[in-house]
Structure formats: structure tokens, C-alpha cells
Amino acid sequence: MSVNIIKCGSLKQKPSEIVGFGKCFTDYMYVAEYENGSWNDGAIVPYDAFSLAPCSSVLHYGQAAFEGLKAYRNKNGDVRLFRARDNFKRLNTSLGRLCIPPIDEQKAYNALKALVNLEREWIPVADGTSLYIRPYVFADDKSLGVHAAKRYKFVIILSPSGAYYARGFAPVSLKVERRYVRASKGGTGAYKVVGNYAASILAGDEAVRDGYDQVLWLDAQERKYVEEVGSMNIFFVFGGKVVTPELNGSILPGITRDSCIKILKSEGIHVEERAVSVDEVLAGAKSGELTEIFGTGTAAVISPVDRLGDDGDYIIGERGKSGKIAAMLYERLTGIQTGKLSDTFDWVDVI
Ligand code: COI
């Protein structure tokens, strides 16, 4: 089924160079609406502001969830979407947790393909750049009662972007967060809902003030086990063995996390998904057994970590350099995404 397009009067000037993440947006977006018990077909419309009533429910109770995925354009002009269907599946899981009616995943995928195709000239080709895609759903009831809304919008916007961290594929630093928690079991930590991010900003700001890039979250109950980094999942390499926190109900099931586990296994590298205590991490950092830490995420891709702060600073591996496993994963993952390497896992749709 084709997607209706409402054309722009005039198109924007495309930037000659892409700098940073999520700052520039294309000419069009996709918008569908839920009203009277069903989603409409939606349409591709000019990228523009919404009009929201001051009482719109999302502004008060945060009933909203989102996704992040990427499209790449290579030198032959092929446009490649990475694991897009998995993102729409996860979006529906998040919507379910917030009592938001599910979207039709096939319709969403068709709309995304049509939108990205229309905007293919916006997809940057320089190394380290891509078209970041942000699908999201929010409640738009015009009333202040706390209950599931009856009206929603499903939107997809596109942002030609460079690296999420200003320094690109260069190590970042993390502060072990002992004061605040991100999520607890039974809460929303395993879902990509907006409140998780709002609640993380204070700790993130304090970490930056203390000289770190982000926080390493611990579990809410015992403050003993490592969970994730907020914009990434986290991996450790202990004596050649790769270990990552298991999906325990309060960690986001990252699609990049899953891709990395599959790549590592295909390389014959043992990966353990299990509870990882912060004591084990700090002991490994002291003894030197912990040779690498890296984060994984759509925006962050693979981000090596070279400094961990807690009661003091621990340097992991060589300061300023990525470890071998993180570098291999970066090459393999971005190679598959951009088409430089063959897509042996069947993750890419060329559209
Ligand atoms: C992503 O990696 O796509 C994210 O959503 C993380 C962050 C930019 C919020």
C-alpha cells in the first residue's frame, strides 16, 4: 500500500557537512494519528511544529516512547536500513508497557521505507555519518485525568547525523553512579520510554560536572550489579572473555547489544550474559584482568571506555585508545551497516 505524501512548498538547503548528532532534520516526516479506537494510515508531510493544547496529556504524564535506528547510503547510492523491523517490534513492547495501543509494524515499516526513499539525498555518505531515524509515539488527550489517553500521534523524523559523542570513535569516561538509580525491576527500565531519560539527566549532568562523559548505572535494589549506561549497553572483557549484564528486566534490550553478541559468537569469542557486580569490575580494573570496557547503542555505535571513576580513577586498557575487541566490533558492525562487508546475518534491507 502506498503512503500519501503532502509536498513541501520549498525544500531546505542541505548542509555541506554533517556535524554532531540530532541537530539537523530533513524536509519531511511521517505522522499517523490514533483516534476513536484505531490508527489512521498516516501521511508523509512537511517537517514542521505540532500544535499541542496546554493540557495535552504527554506534557503532564509523559505517556510516550521512542526508537532510534539508522539508514546508510553507500558510494553506489544504495540505501541500507539496519534491523528496522526489530525497532518497530521493540517500540510495540514499549507501547504495551505504557498502555498505548500498538502500531501496525508492517505499515510502519512501509511508511519508513517511503520516507527514507523520499529523503535519500539527505543521507550523508562520509565515514562515521548516517541518517538517524527517530520513530516515536505520544499521548495527546486534552484532559488532566491520569489514565491511558484516547488520542496518540506516531511520528518518524529523520536527522542526518555524525558521531553521538563529540570525539567520534574515541574512548569515553564513566562514573559509577552510587547515589541515583535508573530503573528497578517491575519498572520501565527494559522499555524505551521517555521518563527513563528524563530521570537520568541529573545524574548525567553531575557526572559531567565531575569530569566524566556518562554514568554507569547500578541496580536499584542492592546497588551491587552493573546495569547499563543510559544511552548504551555495556560490555567488559575479563582475561579475553566478554561479559555483559544479562537482560534482567531493568536493562534495555539493545539491538546493537544483540548484534554485537552475535558478531562476537560468530568470531568464536565466548560471551557471557550474566549478573556483573561492580566489585568484580573494580577488582578487574585494579588487577589488570579487565582489559576493555565498551558501550553499544544505535547512536553511540561502539564506544570504548578508557576511564572509570569511583573511589578513584581506573584506567582501562591504554588511555585514549580503543581495545582490540571494541575496534573489531566497530569495523564489523559498521562494515555490515554500510555495505563494506557482506551482511551474513541478514540484518540489512536495501531499499
Ligand atoms: C539510540 O541509541 O538510538 C538512543 O536512543 C540513545 C539516545 C540517543 C537516547
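Predicted model: local features only at pLDDT ≥ 70, side-chain atom pairs only at ≥ 80, totals over all residues.
A residue is taken to be near a molecule if one of its heavy atoms lies within 4 Å of that molecule. Nine names make up the shell: Phe66, Gly68, Tyr132, Arg134, Tyr164, Lys192, Tyr197, Thr298 and Ala299 surround the ligand. By residue class, this shell divides into five nonpolar, two polar and two charged residues.

In the case of Tyr132, an N or O atom of the side chain is 2.5 Å from a ligand oxygen. The side chain of Lys192 likewise places an N or O atom 2.8 Å from an oxygen atom of the ligand. With Ala299 the backbone takes part: a polar backbone atom of Ala299 is 2.8 Å from a ligand oxygen. On its own, the ligand has 280 Å² of accessible area, and the protein covers 90% of this. As for its location, the ligand sits in the largest pocket.

The domain assignment gives domain 1, spanning 28–162, and domain 2, spanning 172–338. Taken over C-alpha atoms, the centres of domain 1 and domain 2 are separated by 27 Å. The contact involves 22 residues from domain 1 and 23 residues from domain 2.

Where does the ligand lie relative to domain 1 and domain 2? Both domains give residues to the shell around the ligand, and therefore the ligand lies between them.

Methods
Residues numbered from 1 in each chain as written. Heavy atoms only, no water. Polar contact = N/O pair within 3.5 Å; in protein donor to acceptor, adjacent residues only side chain to side chain. Areas by Shrake-Rupley, 256 points an atom, 1.4 Å probe, with all protein chains shown as cover. 1 Å grid on protein atoms, 1.4 Å probe; cavity = no way out; pocket = protein on both sides within 12 Å on 5 of 7 lines; lining within 4 Å. Sits in = over half its atoms within 2 Å of the grid points. Nonpolar A, V, L, I, M, F, W, Y, C, P; charged D, E, K, R; others polar. Domains from an automatic or database assignment. Contact = heavy atoms within 4.5 Å.
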